[in-house]
Amino acid sequence: MSGKAITGSCFCKKISYLIDSNMGVFQYCHCSRCRKFTGSAHAANVFVAPGDFHWLGGEEYVGRYNPEETKYFATAFCKNCGSSLPWLSKSGRVVIVPAGTLDEDPGIRPDKNIFCGSRPEWYTSAASLPEHDQGPPR
């Protein structure tokens, strides 16, 4: 749990938000819905209490998709740049914040991987790959 307020935004900066000091769970989700939404091998999500989440600006640019077949899952995105954005679960009990939209260190770290049984066949752990501080060498 972080002890300070933290901001977040979309790529084009038309939308911004604030999370009051109470960070909840931080986890990587490998489910097929999160993969489709992020376009990546997994989502990095922080769960926050709805009372600790506030839009600061640009809420009119927030789009939402509510798949009929899901009990909790929905998505939100910037209508201008397409960035993933925080979304209120269908139960209304938690705001799911894509960690990549945070503007600073949340003060907590991921503590679990979930829905690992849904990983695609092509998945390779990032920890097992070579690392470069910038683009790959030529």
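Does R109 count as buried or exposed, and at what relative accessibility? All views show a predicted model.

**Figure 1. Salt bridge between K4 and E104 in the predicted model.** The structure holds 4 salt bridges, and one of them joins K4 to E104. The closest N and O atoms of this pair lie 3.0 Å apart. K4 belongs to the segment before β1 (6-9), whereas E104 sits in the loop between β10 (95-98) and β11 (113-114). The pair therefore ties together parts that are 100 residues apart in sequence. K4 is partly exposed, its relative accessible area being 41%. E104 is also partly exposed, with a value of 32%.

**Figure 2. Salt bridge between D103 and K13.** The closest N and O atoms of D103 and K13 are separated by 3.9 Å. This pair links distant parts of the chain, 90 residues apart. D103 is located in the loop between β10 and β11, and K13 in the loop between β1 and β2 (16-19). With a relative accessibility of 40%, D103 counts as partly exposed. K13, at 56%, counts as exposed, because the limit for that class is over 50%.

Figure 3. Side chains of opposite charge can pair when their charged atoms come close. D105 counts as partly exposed, at 40% relative accessibility. In reply to the opening question, R109 counts as exposed, at 53% relative accessibility.

Figure 4. T75 is buried, its relative accessible area being 5%; the assignment follows because buried means under 20%. When neighbours within four places in sequence are left aside, T75 is in contact with F37, G63, R64, Y65 and W87. The view may also include L88, which is 13 residues from T75 in sequence. The C-alpha atoms of T75 and L88 are 8.3 Å apart in space.

Definitions and conventions
Residues are numbered from 1 along each chain as its sequence is written. This is a predicted model: local features need pLDDT of at least 70, side-chain atom pairs count only at pLDDT 80 or more; totals for chains, interfaces and linings use all residues. Side-chain values use heavy atoms; hydrogens and water are left out. A salt bridge is a side-chain nitrogen of Lys or Arg within 4 Å of a carboxyl oxygen of Asp or Glu. Helices (H or I, at least four residues) and strands (E, at least two) are DSSP runs, numbered from the N terminus. Buried means under 20% relative accessible area, exposed over 50%, partly exposed in between (1.4 Å probe, protein chains only). Contact means heavy atoms within 4.5 Å.
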